[in-house]
Amino acid sequence: MKMHMLTSCCGVLAALALVGCTVDDPPPKKEAAPAQPKPASAKKVEVGKNVFLEIEGEQRRVLVESYVCLRKGQLEQFLTRKRTKEHEAILAADVDARKIHEALILAKAEPGAPVRFFDPVKREAKYEPAHGTVIKVSVQYKDEQGQTRRHPAQQWIRSFKTLKDLEHDFVFAGSHLISDPADKTRPPFYVANDGDVICVSNFETAMLDLPIKSPKDNDDLAFEAHTERIPPLETRVLVILEPVPAKAKDKK
């Protein structure tokens with residue numbers, strides 16, 4: 001900061017005398033402020049088509065480029081694969097779901113297991129919710145004024161009965177692979193590629209699912225699109241997947 005000398009020499013001497021100083025007194029030394037670490041710049045690595053891993057210091061997240069494919073109606077998925085289940089999902093993406101799975105593992109998320117409705121040991125019906133690393137899902141897009149907006153995905157999903165926002169986070173269930181018994185030379189198929197990428201209804205094929213009981217039967221669907229909050233069809237949306245470390249989750 002520049003200091004402007006607006007007083008005469010006599011005025012300066014008088015002011016110094018009032019505080020018990022002399023002209024020869026050296027100015028007090030100021031301790032140097034500790035150097036602040038520079039924020040790490042984010043590195044973005046392409047894992048697959050429209051799928052990226054972003055690393056910023058210790059933080060890792062997965063980015064999926066998608067678009068709005070539905071704004072009104074009941075939901076089974078939040079994000080689906082292009083040309084699969086767009087009639088039941090808010091967002092669609094031209095992706096290989098295996099690459100999202102791979103990117104999540106690189107982001108230090110651990111897959112658990114999809115929902116189960118049957119106990120093969122006891123050979124009886126038994127519900128076991130999907131489990132795995134908790135994944136915070138956010139959406140980022142530009143509104144009609146060109147302003148960047150970012151919200152939790154839950155704000156676009158509401159209860160069909162109460163009209164309240166979805167209250168739960170998603171978990172990395174991980175889907176699974178199946179082999180073609182008729183052709184063992186073919187590579188296994190990752191079943192989430194049939195469309196169950198991020199689900200709001202429980203699917204045994206889901207990559208990300210809710211850890212609560214959420215029926216997939218049409219008469220019992222629990223969630224719908226919150227139309228007023230969703231931008232126009234075809235709007236480009238960046239889906240941000242952030243794994244929640246187990247320790248951080250346990251402290252809540």
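This is a predicted model: local features need pLDDT of at least 70, side-chain atom pairs count only at pLDDT 80 or more; totals for chains, interfaces and linings use all residues.
Which residue lies over the face of Phe52? The residue is Lys44, at 4.5 Å from the ring centre. A charge sits over a ring if NZ of Lys or CZ of Arg is within 6 Å of the ring centre and within 35 degrees of the ring normal.

Residues are numbered from 1 along each chain as its sequence is written, and side-chain values use heavy atoms, with hydrogens and water left out.

Phe52 turns up again around Val47. Leaving aside neighbours within four places in sequence, Val47 is in contact (heavy atoms within 4.5 Å) with residues including Phe52, Leu53 and Leu106. Val47 belongs to strand S1, residues 43-48; strands (E, at least two residues) and helices (H or I, at least four) are DSSP runs, numbered from the N terminus. With a relative accessible area of 15%, Val47 is buried. Buried means under 20% relative accessible area, exposed over 50% and partly exposed in between, using a 1.4 Å probe and protein chains only.

Now let us turn to the aromatic rings. Rings of Phe, Tyr and Trp (its six-membered ring) pair if their centres lie within 6.5 Å; planes under 30 degrees apart count as stacked, over 60 as edge-to-face and the rest as tilted. By this rule there are three aromatic pairs. The ring centres of Phe78 and Trp156 are 6.5 Å apart and the planes are at 50°, so this pair is tilted. Phe78 sits in strand S4 (residues 77-81) and Trp156 in the loop between strand S11 (148-152) and strand S12 (157-159), which puts the partners 78 residues apart. Phe78 is buried at 0% relative accessibility, and Trp156 is buried at 1%. Tyr141 and Trp156 also make a tilted pair, because their ring centres are 5.7 Å apart and their planes are at 55°. Together, Phe78, Tyr141 and Trp156 form one aromatic cluster.

Finally, where is there open space? The largest pocket holds about 330 Å³. Of its 14 lining residues, Ala107, Lys108, Pro243, Val244 and Pro245 lie nearest its centre. On a 1 Å grid over the protein atoms alone, a pocket is an open set of points where a 1.4 Å probe fits, with protein on both sides within 12 Å along at least five of seven lines; lining residues have an atom within 4 Å of a point. Grid points are joined across faces, edges and corners, and the volume is the space filled by probe spheres set on the points.
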